[in-house]
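Subject: Structure handover

Hello,

Here is the structure we discussed. My notes on what was found in it follow below.

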Amino acid sequence: MKNKISMRQAGILILILIFSNKILLLPALMFDYVKGDAVISLILIFALEFISVPILLKLKQTFKEKKLYDILEQYLTKYVAKVLYIIFLVFMMLKAILTFSIVYVYFKQQIYQEEFVAIALISFLPIMNHATISGLKPMARTMELFFFVILFGFLFCLGIAVYTPLSVPDFFVASAGKIFNSIYRYAFAFGDFIFLFMMIEKIDYKKSEEKKIYFYTILGYILVILLFVLFFAKYEMTSFMHNDALADLLAYSVRFNAIGRLDIIAILTLLFTTIFQMEIFCYAFCDSLLNIFPLMDKRYSVAIFDIIFLILYYVFIGNYEIMVDATVKYFPPIGIFVCFVFPILIWILSRIERRKNEKTT
């Protein structure tokens, strides 16, 4: 349908978001905190987050073509709806800054070997802005087109790692309390389904295609878990020292017969995924702003995103170390709310609406 994305495209969007903030720095951070049990923490977080899938689908079934903002306004008042969208707005902006900060440091180390932030911003911002102004459907179509390129690159990196020396990671070395605390500590890196909740009215829902959402979600989870396991198996006790997990899987194997340098595969895979993730964050930020201020033009919302992004990056929290430190110290509450609390709230609202419909029929 016009201006709507298919269930397959929605699944691909989720898979790309699942990779966000999890395939470079997160494995090293989690290993430093709970060692090999980071895999257990990751599986627990994914299991809790996966509950959002049936809630999302039930929401679509119950409210049909209604926007999330209208649903929240109907049941929780206009003011609560605006507060929630302000939270989403902040969440998306911080996600964009975190993603850019981590990937920028990776590219600086791998390619330029010196500061090139102005070049990076000049390259990224116009692409993000154009995608946002063009709309969700063209954005989703582009991601659908490049999906197999990203998937091939990711699987290639995992496959090459298998041909390097590996050992079984040590599990069950951290206390249960520390493992559960890691769920809170790293919650901000998750919460990916909030984007589809925000775009619920733009999904061309077909009950027969629900399995596509489940398929791409589970595929994303499996790939990230495999990345963690192979990364810990490759580096064992030094995993905390390697901040670029996907790319570091190719270490000691960058030259394979006569093919040449293989790390270009990781660079291109991360480049495509990062561009698409930044587009999604920019689009979600602007969508939140347009719901809070419905009379605002989309082009102004994009300009506001750029201005806030640049100010925050250059003046306040753009520093790599500051941003990473804030992610585990100050941002977990918003991650917990977006990842776990909000889906439960939506489930309650869906239940209320279904009971109301049952009474009227």
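**Pockets, cavities and salt bridges**

The largest share of the lining of the second largest cavity comes from α15, which gives 3 residues. Before the rest, a note on the basis: this is a predicted model, in which local features need pLDDT of at least 70 and side-chain atom pairs count only at pLDDT 80 or more, while totals for chains, interfaces and linings use all residues. Residues are numbered from 1 along each chain as its sequence is written, and side-chain values use heavy atoms, with hydrogens and water left out.

On terms, a cavity is a set of points, on a 1 Å grid over the protein atoms alone, where a 1.4 Å probe fits but cannot get out; a pocket is an open set with protein on both sides within 12 Å along at least five of seven lines; lining residues have an atom within 4 Å of a point. Grid points are joined across faces, edges and corners, and a volume is the space filled by probe spheres set on the points. Helices are DSSP runs (H or I, at least four residues), numbered from the N terminus.

The second largest cavity has a volume of about 80 Å³. Its lining includes Asn21, Leu98, Tyr186 and Val324. At least two lining residues each come from α2 (26-34), α6 and α15 (320-329). By class, 9 are nonpolar, 2 polar and none charged (nonpolar: Ala, Val, Leu, Ile, Met, Phe, Trp, Tyr, Cys and Pro; charged: Asp, Glu, Lys and Arg; polar: the others, Gly among them).

In total the structure holds 4 cavities of 30 Å³ or more. The largest cavity has a volume of about 100 Å³. Of its 14 lining residues, Asn21, Ile23, Leu24, Val103 and Gln277 are the closest to its centre. Here α13 supplies the largest share, 4 residues, and the lining has 8 nonpolar, 5 polar and 1 charged residues.

The largest pocket contains about 230 Å³ of space. It is lined by 16 residues, with Phe107, Phe116, Ala120, Phe124 and Leu271 nearest its centre. The elements giving two or more residues to this lining are α6 (78-112), α7 (117-134) and α13 (263-292); α6 gives the most, 6 residues. The lining has 14 nonpolar residues, 2 polar and no charged.

There are 10 salt bridges (a side-chain nitrogen of Lys or Arg within 4 Å of a carboxyl oxygen of Asp or Glu). Burial is given by relative accessible area: buried is under 20%, exposed over 50%, partly exposed in between (1.4 Å probe, protein chains only).

- Glu65 and Lys4 meet at 2.2 Å, N to O. Glu65 lies in the loop between α4 (52-63) and α5 (68-76) and Lys4 in the segment before α1 (7-19), so the pair ties together parts 61 residues apart in sequence. Lys4 counts as buried, at 11%.
- Lys329 and Asp325 meet at 3.4 Å, N to O. They are 4 residues apart in helix α15, about one helical turn. Lys329 is exposed at 52%, and Asp325 is partly exposed at 31%.
- Glu353 and Lys356 meet at 4.0 Å, N to O. They are 3 residues apart in helix α16 (residues 332-360), about one helical turn. Glu353 is buried at 11%, whereas Lys356 is partly exposed at 40%.
- Lys22, Lys95 and Asp192 are linked in a network of salt bridges.

Regards
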